[in-house]
Amino acid sequence: MIKHRSIGDRTADIFIALVLILICLTTLYPFWYLFTLSFTSGDVSLTRMYLIPPKLTLENYAKVLSDGAILTGFINTIIRTVLGTVIAVSCTILTAYPLSRKELVHKKFFTSFVIITMFVSGGTIPSYLLVKTLGLMDTIWALVLPTAISAYNVIIARNFFISIPDSLVESAKIDGANDLVILWKVVIPVSLPIIATITLWIAVAHWNAWFDSLIYTQSASKQVLQVVMRRIILEGTQDMMNPDAAEEAMHVNTETIKATTVIVATVPILVVYPFIQKYFVKGVMIGAVKG
Amino acid sequence: MLKKEKKSTEVTGSRLTSSIYWKQRYLLIMLIPAIVYFIVFHYIPLYGVTIAFKDYKFTEGILGSSWVGLEHFKRLFSLESFWQVFRNTIVISLWKFVIGFPAPIIFSLILNEVLNQKFKKCVQTISYLPHFVSWVVLGGILTQLLSPSTGPVNIVLKALGFDPIYFLADSRYFRGVLVVSHVWKSIGWGSIVYIAALTSSDQQVHEAAMIDGANRLQRIFHITIPEIMPVITIMLILSVGGLINDDFDQVFNLYNTAVYDVGDVLSTYTYRLGLVDLEYSFATAVGLFKNAISIVLVLSTNTICRKINDYAIW
């Protein structure tokens, strides 16, 4: 298309590239900083900046990974993510399919019944009191049931199901299949892309969720990783409020432990996100087109 | 079921309806989990909002607690701390809007000028990263980065001859931290919509403009921006609709008593009133106040959006 780019254009190209590289570095540096900190030996003074710390060690990881609370948190997070995602995805599909069928009785009613919940909510306190009244406090159900179905996901899935050619469903019906069979054998197999997208959304949300565990599961054995991590990070912030030179030496060690905890909790996301981000981007686009 | 049997003895019309229910029994069975779920976890809490007008006691339940009318709201509106929190919410939201709204647009315009597709993809992927990380993690990262003794930011400040600043415990800087970290987290993710709009833009117009001697900036301002204007308008309206919705996760993981005067927002205020001080009714009143404003904003912006969309279709 363009054979000869002017000098001005080339300079602009370089300038643009530099700006973008700067943005990338700004995005990555905080993570890099914590990453290096997690390998830094406790006796290195942190009052200087290092791109790569002078004394590398694995002892922070040894400490963090042998911490019972962190292991428990890890296991609890995995359980809630798996259980929560399985429940949420199946319920979302089960809800979206009937709403996508044009013959459904009271379709308008059912659809608004779902959509209304996107706009109005009881808020934190009534939901908290509900969980308390239902006796779900300190159980995993308090983490997976209240968010089991999101109206937004239902609408996204429904819209995809609507776009499936009607002839597929109709021909299965003529063969005598009922709606459960059709959903399982016809609709789900052709909807795998959207189901993968929704599954990943829900799974990442569960992995990152912390507030519900903070208020609903207060016993240490039930807390998820993010809450355990939050506690470790916040430990000692009260002292940091009035930074004392004398206290510095004591802090140096905990800073590296905190950093290691953050890295341990974040690495799973960092490892998978380059592969799953395209599904998320697709999801944003579906949402945007829908408006 | 009872209704069905009764009806079937009546006119043929209603027998038809009852047979529709039977014919669609599988579809209706599929809806049962959703109906139970939405009633229990959405409509009952919605009803639970009535405790904002009651003196709620856990032992008496929502129904048993006595009505107090607008008592909580009267108390709320007479509290100086509430108005302080309300102002904080609005000021922080406005700053986030003023800086955070144009940022992804500018970012996507810059990205759009990149010809090397591999480099572009790479920058995009990196820019999405913070979106996948929770505010608990980012709170931890920011605490370390901004630490007055060991944080790199303050090390640089000290090297330049400035006094170290404790950004997270200084009322003068805390809002700035909220705004900057918000933009940092959302710039890449927020640009997706614009990048998509830009990739579908008409290359021929650009080529024609180039032949006519239009330079890069001229093309950006006269072709590219007008092209994505509809998307910008819709995103603008949507973000106005969300102005009252503060970011609980962000504030909660960054703030501390030293910066309550500038950083405490409606959702964190509700949390402390309700779940720390256990003033359930009072906290629900705050939540209801916020939700009411939010609904008005969302509904009015939705209406504007629809009008503009229709207009655009014409």
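**View 1. B:Ser201 and its contacts.** B:Ser201 touches B:Thr224 and B:Glu227, leaving aside residues up to four places away in sequence; contact means C-beta atoms, placed from the backbone, within 7 Å. The model is predicted: local features need pLDDT of at least 70, side-chain atom pairs count only at pLDDT 80 or more, and totals for chains, interfaces and linings use all residues. Residues are numbered from 1 along each chain as its sequence is written, and chains are lettered from A and ligands numbered from 1 in the order in which they are written. B:Ser201 sits in the loop between helix H12 (192–199) and helix H13 (203–211) of chain B. Helices (H or I, at least four residues) are DSSP runs, numbered from the N terminus. Is B:Ser201 buried, exposed or partly exposed? B:Ser201 is partly exposed, because 13 other C-beta atoms lie within 10 Å; 20 or more would be buried, 12 or fewer exposed.

**View 2. The bend in H14(B).** Helix H14 (residues 216–241) of chain B bends by about 50° at B:Met229. That bend is the angle between axes fitted to the seven residues ending there and the seven starting there. A proline, B:Pro230, follows within four residues. B:Thr224, B:Ile228 and B:Gly241 of H14(B) are buried.

**View 3. H3(A) against H3(B).** The axes of helix H3 (residues 68–100) of chain A and helix H3 (residues 25–48) of chain B come within 8 Å and cross at roughly 125°.

**View 4. H5(A) beside H17(B).** Helix H5 (residues 124–133) of chain A and helix H17 (residues 266–276) of chain B pack at about 30°, their axes 10 Å apart. H5(A) is therefore roughly parallel to H17(B). H5(A) brings A:Thr124, A:Ile125 and A:Tyr128; H17(B) brings B:Thr270, B:Tyr271, B:Gly274 and B:Leu275.

Notes:
Axes fitted to C-alpha atoms, helices over the stretch in contact; angles between N-to-C directions. Helix = DSSP H or I, 4+ residues; strand = E, 2+ residues; numbered from the N terminus. Parallel < 35°, antiparallel > 145°, perpendicular 65-115°, else oblique. Contact = placed C-beta atoms within 7 Å.
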